[in-house]
Amino acid sequence: LSVRALLRFFSGLKANSMPHFSPSEHKTSDVVRAAIIPMSRPTRRALADVLMEGEKRPPQKMVTHNWANLFVDLVAAVIA
C-alpha cells in the first residue's frame, strides 16, 4: 500500500464510508469494522489491493499495529 493510497483512504473516510469518523475517538478496530471490511468484502481482496487498484508493488516496510489504538496514530506512524 502506498502512502498516497493510505492518505487518500484516510482523507475520504468521513465523506465516503464512515460519516461519523472522529480521529480523536475512533480506533483502528472501529475503522476496520465500519470502513475496511465493507470496502474489501465485495472483491474478497485485501484493502491494500482494492486501494492500489490491482497495482502490485513489493513492500518496502513492515508495519505492525494494535487495533485498540487510534487509527489516526497508525496513519501518522506510517507517514513518519
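Val 3, Leu 7 and Ile 79 together make a nonpolar surface patch of about 230 Å². Patches here are built from residues with over 30% relative accessible area and no salt bridge, joining like charges within 9 Å and nonpolar side chains (Val, Leu, Ile, Met, Phe, Trp, Tyr) within 5 Å. The areas come from the Shrake-Rupley method with a 1.4 Å probe, and for residues only the protein chains shown count as cover.

Bear in mind that this is a predicted model: local features need pLDDT of at least 70, side-chain atom pairs count only at pLDDT 80 or more, and totals for chains, interfaces and linings use all residues. Residues are numbered from 1 along each chain as its sequence is written, and side-chain values use heavy atoms, with hydrogens and water left out.

- Leu 7, one of the patch residues, sits in helix H1, which covers residues 3-17. Helices are DSSP runs (H or I, at least four residues), as strands are (E, at least two), and they're numbered from the N terminus.
- Leu 7 counts as partly exposed because its relative accessibility is 36%. The cut-offs: buried is under 20% relative accessible area, exposed is over 50%, and partly exposed is in between (1.4 Å probe, protein chains only).
- The axes of H1 and helix H4 (residues 71-79) come within 11 Å and cross at roughly 155 degrees, so H1 is roughly antiparallel to H4. Axes are lines fitted to C-alpha atoms, for helices over the stretch in contact, and angles run from 0 to 180 degrees between N-to-C directions. Angles under 35 degrees count as roughly parallel, over 145 as roughly antiparallel, 65 to 115 as roughly perpendicular, and the rest as oblique.
- The crossing of H1 past H4 is left-handed, meaning that the near helix is turned anticlockwise from the far one by less than a right angle (clockwise would be right-handed).
- Over in H4 you'll find Leu 74, which is buried because its relative accessibility is 17%.
- Asn 16 and Ala 35 are 19 residues apart in sequence, and their C-alpha atoms are 8.7 Å apart.

**Salt bridges**

- How many salt bridges are there? The count comes to two, taking a salt bridge as a side-chain nitrogen of Lys or Arg within 4 Å of a carboxyl oxygen of Asp or Glu.
- One pairs Asp 49 with Lys 56, at 3.6 Å from N to O. Asp 49 is partly exposed at 25% relative accessibility, while Lys 56 is exposed at 64%.
- Another pairs Arg 57 with Glu 55, at 2.9 Å from N to O. Here Arg 57 is exposed at 51%, and Glu 55 is partly exposed at 42%.

**Loop residues**

- Pro 23 belongs to the loop between H1 and H2 and is partly exposed, with a relative accessible area of 36%. The C-alpha atoms of Pro 23 and Asn 69 are separated by 11 Å, though the two residues are 46 apart along the chain.
- Arg 44 is in the loop between helix H2 (28-40) and H3. Its phi is near 55 degrees, a positive value in a residue other than glycine. Is Arg 44 buried or exposed? At 80% relative accessibility, Arg 44 is exposed.
- Thr 64 lies in the loop between helix H3 (47-51) and H4, and at 71% relative accessibility Thr 64 is exposed too. Thr 64 and Val 78 are 14 residues apart in sequence, with 9.7 Å between their C-alpha atoms.
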